[in-house]
Amino acid sequence: MTDLDQLTQSLARNLKRWRAERHFTLDALAARSGVSRGMIIQIEQARTNPSVGTTVKLADALGVSITTLLDQDQGALVRIVPEAQAVRMWSSEAGSHTTLLVGAEASGPLELWDWRIVPGDGSDSDPHPPGTVELLRVTAGVLTLVVDGQAHTVPAGTSATFDAGAPHAYRNDGAETVEMTMAVAIPPAR
């Protein structure tokens, strides 16, 4: 079984589990997430590998982290995630990428991300559920953080936090690759 097959199986199993735990019907999850009922069925039957955007919508609708939906070994008291098991969630042809390092369920989902954005590249994000907070620390380069249409410069050595319930984007307008670590805290589903 390939890594992709394992990921597909984990997503299918975990999506079914969390949907049942929340007592969501297929129609209810479709309405909450904006993902079609047919797509949810295909994912739960491990017949498709959804896009990152679809996976994020489902995680947000369930009030869990992406890590929780993709996790192959849930339930341990301590979970060590080797670098090789971190999940590459987004990449561009230019060489930028994001890697989900680890996530946890606290009072709500909590995720830790590793980002690399090459000069001239960037990534847009739809608003997350109200109350979602992102914290980031830039370790190399100069990040242009755009929140609700307003650009903010975040140079190496600087940290930032913001309300991720607004549309936001991460850009590298400089000449040096941006490297950063980001944590995302999502409120629990109600």
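Predicted model: local features only at pLDDT ≥ 70, side-chain atom pairs only at ≥ 80, totals over all residues.

User: Does G165 count as buried, exposed or partly exposed?

Analyst: Its relative accessibility is 30%, so G165 counts as partly exposed. Buried means under 20% relative accessible area, exposed over 50% and partly exposed in between, with a 1.4 Å probe and protein chains only.

User: Switching to helices. At what angle do α1 and α3 pack?

Analyst: Helix α1 (residues 3-21) and helix α3 (residues 37-44) pack at about 120°, and their axes are 7 Å apart. Axes are lines fitted to C-alpha atoms, for helices over the stretch in contact, and angles run from 0 to 180 degrees between N-to-C directions. That makes α1 and α3 oblique to each other. The cut-offs are under 35 degrees for roughly parallel, over 145 for roughly antiparallel, 65 to 115 for roughly perpendicular, and oblique for the rest.

User: Which residues in α1 and α3 meet?

Analyst: From α1 there are L11, A12, L15, K16 and R19, which meet I40, I43 and E44 in α3. The residues of this contact divide into five nonpolar, no polar and three charged. Ala, Val, Leu, Ile, Met, Phe, Trp, Tyr, Cys and Pro count as nonpolar, Asp, Glu, Lys and Arg as charged, and the others, Gly among them, as polar.

User: What about α2 and α4, how do their axes cross?

Analyst: The axes of α2 and α4 cross at roughly 110° and come within 8 Å, so α2 and α4 are roughly perpendicular to each other. In that contact, L29, R32 and S33 of α2 meet K57, L58, A61 and L62 of α4. By class, the contact has four nonpolar, one polar and two charged residues.

User: Staying with α4, which residues are buried there?

Analyst: In α4, T54, T55, L58, A59, D60, A61 and L62 are buried. Their cover includes α1, α2, α3 and α5 (66-70). Just after α4 comes G63, with a positive phi of about 75°.

User: Which other places have a positive phi in a residue other than glycine?

Analyst: A46 is one, with phi near 55°, and D148 is another, also with phi near 55°. Most residues other than glycine have a negative phi. A46 lies in the loop between α3 and α4 and, at 21% relative accessibility, counts as partly exposed. D148 lies in the loop between β6 (142-147) and β7 (150-155) and is exposed, with a relative accessible area of 57%.

User: New topic: how much space lies in the largest pocket?

Analyst: About 590 Å³. On a 1 Å grid over the protein atoms alone, a pocket is an open set of points where a 1.4 Å probe fits, with protein on both sides within 12 Å along at least five of seven lines, and lining residues have an atom within 4 Å of a point. Grid points are joined across faces, edges and corners, and the volume is the space filled by probe spheres set on the points.

User: And which residues are closest to its centre?

Analyst: Of the 28 residues that line the largest pocket, V52, V56, S125, D126 and H128 are the closest to its centre. By class, the lining has 14 nonpolar, seven polar and seven charged residues.

User: What gives the most to the lining of the largest pocket?

Analyst: That's α4, with six residues.

Technical notes: Residues numbered from 1 in each chain as written. Heavy atoms only, no water. Helix = DSSP H or I, 4+ residues; strand = E, 2+ residues; numbered from the N terminus. Contact = heavy atoms within 4.5 Å.
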